[in-house]
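The following paragraphs lead through a structure, from its overall layout to selected details. Please keep the sequence and the model in view while reading.

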Amino acid sequence: MSAAPAAASAASAGRRQYDLGFARWVYQHVEGGDKVAMCMQCGMCSGSCPIGTAMDHGPRKLFMMIRAGMKEAVLTSNTIWNCTQCYNCVVRCPRKVPVTAILQSLATVAVKEGYAPTQSTPKFSKAFWLSVARFGRTDERLVTALYYFSHGLKEGIRRALENLPIALRMIKAGRMHLGLPHRAKGAADLRAILAKAEDIERAERAGGKPS
Amino acid sequence: MSDPKAGAKTYTYYPGCSSQASAIHLDKSLRAVAPKLGIALEEIEDWNCCGASVGHVEGGALPQTALSGRNLAKARQQGSHDVLTACAACYLNTHGVNEKIKQDVRTRARVNQALGAADLKYDGDLNVRHACEVLVNDVGLERIKGQVVNPLKGLKVAGYVGCQTVRPFAATQSGGEYDTYDQPEFLDNFAEACGAEAVAYDPKTSCCGGSVSVHSPDKTLHLIKQIVEAAVEAGADVIATPCPLCQQNVEMYQDAINKKFGTSFNLPVVFYSQLMAVAFGMDAKADAALDANMIAPVKLVELAKKAAG
């Protein structure tokens, strides 16, 4: 798995810019991906998006790019990372395309395929999942600290200091948990369930990896 | 009420992770007002995180789904009461997974295969409901009004619903068809039932940026600015919301917004259940948890004091 910087062009990363099998792969392996074929390019999704102006491409365009086989451009676009999951597009789409679920699946694929080494969301998700898988619960304080320092020691300290006033106010308001992390008693059981779920997905992927 | 004899209906309660930290005041005030509204909450024993809106990226789709699968299996072991959650993300995930397990044979099989690793199973025979939907459909405004002993007279409330409390399920059959996606009225109705004035407020279902605001606020501060600005312009004393992440984002970033945009916002953001606890004449701290708001809801605190005094 070669990890291409997200900003690098497809050509410089040595990957093919077009992959004509990509659309079919998305239809078959991305949750709700078959519905991409239903998109009629009306633009209701992009027009409804609260953060559309900050996206490389709105969902409408991204779906056309999937159909055009632009795998590189799709998986390196910030569209999949900037989705706030407001579900405006989902409830408004006249063709009932599950836009959010598709962007979520593409995000998971992008991480697994090494397309997103510098994105914030995967770093945050990594910190988040560590807490969930270990304790069975989210420890907001731990997740925040792990996330800040995933950018390196210096940047971690900078972010921690920048957000210190908020942290102090949260402590004062009794909303930052200060003891050992809360944990589910059955955290070990949960880990067994998660490991099994990963196994199932791994086996399924072995039968249908994106080319 | 479905159980008029007992006067209370039991729900299996899923508090979620934020109930133990950032949204401690939602959990506290909801538990306080619930008995007065005929709601008996039985917590899911040993619940786990739902994965919120970011778990799938690192964890993968099926592990994320299995998180809710375990909670549902645990809830089912405790009985067949409806599962109630007050957190928007918990509701989105738990309700969504539950419906998928009900409707999709393949998902049900895969989730149960994973749950088998801990000798658990779940067949999809529970209903997962949002606290606000339960308040609308099971409790009703009349019963809420009936508990008000300290009407929130003169308090101007901007009802900020946010996204996932209503989207994508509020208008669906499984979601109880309790309101609309764009112009929900339930929150204003709650505020008015408490004796407050719900001001006209446009960005009712605008997005606060959700978890993107948590990890990359530079991308989303302008979204939160619009939410606060409209409330200030409408003359609101407080913003009220049902969502833990909305409450946190809209409250904690006001200083950063002031710095970036030269505004001077300092508007309290409270949960609807805190309004209810004060209106029901309950304790400002022990029940309404007003001390847990970073920006003190001064007018609400005064109203609570008036009732106590």
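Domain bounds are taken from an automatic or database domain assignment. On that basis, chain A is divided into domain 1 (22-118) and domain 2 (120-203), and the centres of these two domains of chain A, taken over C-alpha atoms, are separated by 27 Å. The model is a predicted one: local features need pLDDT of at least 70, side-chain atom pairs count only at pLDDT 80 or more, and totals for chains, interfaces and linings use all residues. Residues are numbered from 1 along each chain as its sequence is written, while chains are lettered from A and ligands numbered from 1 in the order in which they are written.

Chain A has 12 helices and 0 strands, where helices (H or I, at least four residues) and strands (E, at least two) are DSSP runs numbered from the N terminus. Its C-alpha trace spans about 50 × 40 × 40 Å along the principal axes. Of the 211 residues in chain A, 43% are buried; a residue is buried if 20 or more other C-beta atoms lie within 10 Å of its own, exposed if 12 or fewer, and partly exposed in between, with C-beta atoms placed from the backbone. Two residues are in contact if their C-beta atoms, placed from the backbone, lie within 7 Å. Among the contacts in chain A between residues at least 6 apart in sequence, 64% join residues at least 24 apart.

Chain B contains a sheet. Its 4 strands form an open sheet in the order β6-β5-β7-β8, with parallel pairing; two strands pair if DSSP finds at least two bridges between them. The edge strands are β6 and β8 (269-271) of chain B, each of which pairs on one side only. Helix α8(B) packs on this sheet and touches β5, β6 and β7 of chain B, its direction making about 160° with that of β5(B). Axes here are lines fitted to C-alpha atoms, for helices over the stretch in contact, and angles run from 0 to 180 degrees between N-to-C directions. Helix α11 (residues 244-252) of chain B also packs on the sheet, touching β7 and β8 of chain B, and its direction makes about 165° with that of β8(B).

Within the sheet, strand β5 (residues 156-159) of chain B is joined to strand β6 (residues 197-198) of chain B by 2 bridges, the two running parallel. B:K156 stands opposite B:E197 in β6(B). Together, β5(B), helix α8 (residues 186-193) of chain B and β6(B) make a right-handed β-α-β unit; a crossover is right-handed if, with the strands pointing away from the viewer, the path from the first strand over the helix to the second runs clockwise.

Elsewhere in chain B, helix α3 (residues 61-77) and helix α5 (residues 105-115) pack at an angle of about 75°, with their axes 9 Å apart. Therefore α3(B) is roughly perpendicular to α5(B), since angles of 65 to 115 degrees count as roughly perpendicular, under 35 as roughly parallel, over 145 as roughly antiparallel and the rest as oblique. Residues of α3(B), including B:L62 and B:A73, meet residues of α5(B), among them B:R110 and B:L115.

Finally, B:A89 lies in helix α4 (residues 88-103) of chain B. B:A89 counts as buried because 26 C-beta neighbours are inside 10 Å. Not counting residues up to four places away in sequence, B:A89 touches B:C50, B:A52, B:S53, B:Q164 and B:L245.
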